[in-house]
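Subject: Structure for your files

Hello,

Here is the structure, followed by notes on what was found in it. Please keep the two together.

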Amino acid sequence: MAKFQYIALDGAGQEQRGTIEAGDRAAAIAAIRANGLFPSAIGEVKGSAASAAKKDAKAPKAEKKGGVGSKQINIKLPKFLMGRVKQKDLTGFTRQLATLVNAGLPLMRCIEVLKKQKMAPAMMDCLNGISEGISGGATFSEALTAYPKVFDNLYVNMVKAGEAGGVLEVVLNRLAEFAEKAQKIKNKVKGAMIYPSVVLVAAIGITAFLLVAVIPKFQQVFNDILGGQSLPAITEFVMGLSDFVQHNGLQIFVGVVVLVVLYKMFGKTKFGAYQLDRMRISIPITGTLVKRTAISQFSRTLGTLLSSGVPILQALVIVRDTTANRVVRNAIQSVHDAVKEGESMTDPLASSGVFPPMVVSMVQVGEETGQLPDMLTRIANTYDDEVDNAVAGMTAAIEPALIIFLAVVVGTIVIAMFLPMIKIISSVSGGGT
């Protein structure tokens, strides 16, 4: 008998951990299910008696073969060289697998067909492991649990629900659509931040160059020609700033590094992480975008899980664990606790301060009519459109603001340098007459 460690969810959606003894992996999974649990990850304990016996049994066979020529050498790329599975690779795999399953091919045949295609090494490694797991008697969802960094709880539980309901191809299509829409929103937000980031970096670089390389030369010229005469206040300010940057460059750099480190350390604390997440959804312009994105993700994920047959409590646990913002995560936990006590989702959603009245009302209607998954999907579609509008509005507001900021900074420096030049030209012209 081998010993297996497992992570499973109970009927209330709570995570349970433990060990169990069984003849093999399939028997261990069956025993866990018999206890009313739903395994999400399982692995054999290294160094168990059964593992040692297997190794001892295999050792004499290796000696009998003997000889270098009889050994089979398998060269496998190390995992750290494979990289990680990109979201677009996972989405492509899911879409293609859904098409093949929908065409009526057996699952193992679908996996073998996909393995013949050109894929990233990390994705190919996952396919090989999944194929071996299914061949060993595991279900598709159980084979996916061996790669938690690639297939998260959302993916595994939806596949599990699709297997139980005999609608795996439908679930895979939903997963592919979910991933594509999530990636689309993510790309739009990233794209909207590219231009402002470039302008901001350019402004900082140009300002630093002027303060360090250009202004000192003007300062020397002014001292030589004006001989210590008073300069305009704006010129004195810019030259003083230039002197400060030149003589305290190292201190400024160290100060910036210290602030970044303190920010990171504060963000790793429970209190700090919560406060930063609260700040992210409270900032006037970007906070609206973050909140709408979180609501869209919550609605689409929960709606997709419920429509795939995942129990409501388990679905809420999965949504909570896949939500990055801690304020939204706490709100979802409140909803889970209320539903666990037999209450409605409406009150904790309304009291959280995160979800607007329209969302609360639509969820209430969905609960009353029994159409909650459909209503959640409609909410997600609505907020996807609002995210698009928010991104467009933010881009339209930030671009001119940054251009004005850059013009003001550079213009101030240019004016500060040219005001003394005007005084020099006037004095020269007056002296010539």
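The protein is a predicted model with an average pLDDT of 79, and 87% of its residues score at least 70; pLDDT is the predictor's confidence in each residue, from 0 to 100. Residues 48–82 have a pLDDT below 50, and this stretch has 14 contacts in the model beyond near neighbours in sequence (contact means heavy atoms within 4.5 Å). Where pLDDT is low, the predicted coordinates should not be read in detail.

On conventions: residues are numbered from 1 along each chain as its sequence is written, and side-chain values use heavy atoms, with hydrogens and water left out. Because this is a predicted model, local features need pLDDT of at least 70 and side-chain atom pairs count only at pLDDT 80 or more, while totals for chains, interfaces and linings use all residues.

Helices

Helix α1 covers residues 25–34, and Ala 28, Ile 29 and Ile 32 are buried in it. Helices here are DSSP runs (H or I, at least four residues), numbered from the N terminus. Buried means under 20% relative accessible area, exposed means over 50%, and partly exposed is in between (1.4 Å probe, protein chains only). Just after α1, Gly 36 has a positive phi of about 80°.

Ala 176 sits in helix α9 (residues 168–226) and is buried, at a relative accessible area of 1%. Leaving aside residues up to four places away in sequence, Ala 176 touches Thr 91, Thr 94 and Arg 95. Arg 95 is 81 residues from Ala 176 in sequence, yet their C-alpha atoms are 5.5 Å apart.

Salt bridges

The structure holds 8 salt bridges, a salt bridge being a side-chain nitrogen of Lys or Arg within 4 Å of a carboxyl oxygen of Asp or Glu.

- Arg 300 and Asp 384 form a salt bridge, with 2.6 Å between the closest N and O atoms. The pair links distant parts of the chain, 84 residues apart: Arg 300 is in helix α13 (residues 286–307) and Asp 384 in helix α18 (residues 372–432). Arg 300 is buried at 10% relative accessibility, and Asp 384 is buried at 10%.
- Arg 378 and Asp 374 form a salt bridge, the closest N and O atoms being 3.2 Å apart. These two residues are 4 residues apart in helix α18, so about one helical turn separates them. Arg 378 is partly exposed at 47%, and Asp 374 is partly exposed at 35%.
- Asp 321 and Arg 320 meet through their side chains in a salt bridge (3.1 Å, N to O). Asp 321 is partly exposed at 44%, whereas Arg 320 is buried at 19%.
- Asp 277, Arg 280 and Arg 326 are linked in a network of salt bridges.

Surface

A nonpolar patch on the surface has about 870 Å² of accessible area in total, and its members include Leu 250, Phe 253, Val 257 and Met 265. Patches are made of residues with over 30% relative accessible area and no salt bridge; like charges are joined within 9 Å, and nonpolar side chains (Val, Leu, Ile, Met, Phe, Trp, Tyr) within 5 Å. Accessible areas come from the Shrake-Rupley method with a 1.4 Å probe, and for residues only the protein chains shown count as cover. Phe 253 lies in helix α11 (residues 249–268) and is exposed, at 56% relative accessibility.

Regards
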